[in-house]
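Please read the following report with the sequence and the model side by side. It moves from the overall fold to one helix and then to the aromatic side chains.

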Amino acid sequence: MIIDSFNENWRELQQHLAEMETSHLRDFFASDSQRAENLSVSACGLNLDYSKNRITLKTRTLLMRLAESAQLEKKRDAMFAGDAINNTENRSVLHTALRQQDNKPVFVDGVDIVPQIKAVRLKVETVVNQVRNKDWLGYSGKCITDVLNLGIGGSFLGPKIVTTSLKPYVQGGPKQHFVANIDGNHLHDVLTTLNPETTLVLIASKSFNTQETLTNAESTRQWFYDYGVTFEQLSRHFIAISSNVNKAVAFGISSNNVFPMWDWVGGRYSLWSAIGMPIAMAIGNVGFTELLKGAADLDKHFNDAPLEQNLPVLMGMLGVWNHNFFDCQTHALLPYSHYLRGFPAYVQQMDMESNGKSCQLNNEMVSSTTGPVIWGAEGTNGQHAFHQLLHQGTSVVPVDFIQPLVADHDMDGHQDMLVANCFAQSKTLMQGKTYQQAYDELVASGMDGILAKVIAKHKEMPGNRPSNTLTFDRLTPYQLGTLIALYEHKVFVQGVIWNLNSFDQWGVELGKILGDDILARIDQPDNTELSDSSTELLLTQYRYANQSVI
Ligand code: F6P
């Protein structure tokens with residue numbers, strides 16, 4: 001980052017903001033019939049219409065200058081080259097190498113990692129084929145009908161959301177079950193539906209140290225024991241994906257069933273690794289390869305496209321413009337697709353665990369706000385839940401509408417309505433409704449003029465609210481790969497602007513430690529080392545409510 005020019009560019013944007021404050025998107029569209037044409041870009045099957053942001057071509061130019069003065073391209077190249085950009089853990093960040101389509105060497109500590117990536121991928125493909133071809137047999141000689149995936153965070157969200165999103169491609173394999181939470185209800189409810197003879201358990205945990213996952217794994221192992229399965233027979237029913245091979249073996253998983261992952265793959269960026277095994281189990285190895293190819297093509301686009309035509313750069317910088325200049329503190333993802341209903345939650349971890357930080361790479365506290373709150377839900381459901389706030393609330397929420405264009409069903413008329421609603425919502429956010437329009441409509445409908453003046457004020461909608469619309473033909477494995485990689489790189493772009501390390505997550509450590517401390521206190525009511533009065537009050541309530549069982 002070249003501080004002086006960066007600060008100068010930031011000031012130029014602040015001055016430009018002042019010019020933009022009185023503008024309205026209605027006027028921009030009314031005065032330029034080519035606006036959408038000029039502020040749209042397509043790549044890798046994705047079409048981004050970003051014309052409904054409060055920008056002009058000058059805005060785009062100034063935003064790209066800011067990216068340049070942040071040395072975005074140099075930092076992007078450093079990531080792809082394997083530099084230890086995760087400075088606090090001294091690690092490379094190379095989820096991109098996992099989907100690389102060629103064998104171009106990528107070095108970490110002087111070792112080309114591509115051969116080991118390919119070797120693990122081949123091992124995964126072999127197991128996936130064994131299970132899907134019913135050649136993998138359980139302790140009683142039966143094939144696998146159900147896969148129980150135990151993991152949380154990035155070891156859960158990616159596999160879960162991708163298999164949900166690609167439902168039409170989930171064919172011919174065992175049924176997938178995902179359990180993440182420590183709440184025993186979930187594991188209990190799933191186990192009651194399973195037969196230990198035909199169940200394969202995938203324990204996904206990079207650290208093999210996560211309380212929820214290990215506890216769920218231990219309870220599941222006990223479930224097998226309760227059915228009389230021996231320790232030796234467990235190897236037919238447990239697979240682990242972890243960078244902590246020794247801990248996985250110590251749990252009782254044969255070393256041949258442990259699939260390694262590496263420190264240079266962050267949990268929230270790991271679905272491209274063996275963590276993605278459940279995806280391949282569900283859609284097959286060919287589908288998983290397509291997913292990887294989509295991401296690889298988006299990587300190429302991110303590397304090659306000029307900044308002003310670069311999807312991740314445009315989305316990242318528009319996010320900075322809305323967040324840091326228009327003070328929009330949250331960002332909504334609204335996929336108008338039932339299959340993509342989990343996508344907001346996936347991006348929530350990716351974005352908020354990457355950029356929800358306050359300390360810069362140079363150890364100084366940030367001087368601007370950083371990662372926005374990411375939220376969202378499938379459309380059209382949100383229209384009947386929170387769109388009121390989007391249209392008339394005091395908080396302006398930038399929206400990414402995500403719309404597959406071609407239905408993968410034959411329900412007559414439904415896709416037309418879905419798409420019409422999606423496009424109408426971004427249009428409504430953009431143009432709003434003036435008081436006069438509302439008043440005239442009410443009077444035209446026969447309402448008394450005096451009452452119309454009252455009601456019209458409540459029907460006035462400011463509009464001028466920013467949104468992107470991402471469209472693509474079909475939700476295929478390839479296209480989903482491009483979409484996920486797009487958001488990964490958007491997050492990277494914003495981390496560069498805010499000068500953050502987007503790849504560690506120190507903020508989640510203390511909660512885990514305090515959780516262990518409080519867990520220990522539950523069984524020690526007489527422990528004199530009192531915690532704060534709230535924790536003591538809550539523990540007393542818990543002990544009292546469960547006095548018959550604790
Ligand atoms: O606590 C946060 C986190 O470390 C995430 O970054 C990660 O995806 C998740 O927990 C699960 O971690 P692991 O894969 O090591 O079990």
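**Overall fold**

The model is predicted, and the protein it shows has 21 helices and 13 strands. Its radius of gyration is 26 Å, close to the 24 Å that the globule rule gives for 550 residues, so the protein is as compact as a globular protein of that length. Along the principal axes, the C-alpha trace spans about 80 × 60 × 60 Å. Buried residues account for 51% of the 550 residues, while the protein exposes about 24300 Å², of which carbon and sulfur atoms supply 53%. Of the contacts between residues at least 6 apart in sequence, 75% join residues at least 24 apart.

**Helix α14**

Helix α14, residues 343-355, has 13 residues and reaches 18 Å from its first C-alpha to its last, close to the 18 Å expected at 1.5 Å a residue.

**Aromatic pairs and clusters**

The structure holds 19 aromatic pairs. In one of them, the rings of Trp-223 and Phe-224 have their centres 5.0 Å apart and their planes at 80 degrees, so this pair is edge-to-face. Both Trp-223 and Phe-224 are buried, and the two belong to one aromatic cluster together with Phe-208, Tyr-227, Phe-238 and Phe-251.

Phe-492 and Phe-503 form another aromatic pair, which is tilted, with 6.4 Å from centre to centre and 35 degrees between the planes. Phe-492 lies in helix α19 (residues 477-497), whereas Phe-503 lies in the loop between α19 and α20 (509-522), 11 residues apart. Phe-492 and Phe-503 are both buried.

**Charges over rings**

Which rings have a charged residue over them? Two cases, one with an arginine and one with a lysine, are set out here.

| Charged residue | Ring | Distance from ring centre |
|---|---|---|
| Arg-76 | Phe-302 | 5.8 Å |
| Lys-123 | Phe-259 | 4.6 Å |

For Arg-76, the charged end of the side chain sits over the ring of Phe-302, and Lys-123 lies over the face of Phe-259.

Conventions: Residues numbered from 1 in each chain as written. Predicted model: local features only at pLDDT ≥ 70, side-chain atom pairs only at ≥ 80, totals over all residues. Heavy atoms only, no water. Phe/Tyr/Trp six-rings, centres within 6.5 Å; stacked < 30°, edge-to-face > 60°. Buried < 20%, exposed > 50% of the residue type's maximum accessible area, 1.4 Å probe, protein only. Helix = DSSP H or I, 4+ residues; strand = E, 2+ residues; numbered from the N terminus. Lys NZ or Arg CZ within 6 Å of the ring centre and 35° of its normal. Rg over C-alpha atoms; globule rule 2.2 N^0.38 Å. Contact = heavy atoms within 4.5 Å. Areas by Shrake-Rupley, 256 points an atom, 1.4 Å probe, with all protein chains shown as cover. Expected span 1.5 Å × (residues − 1).
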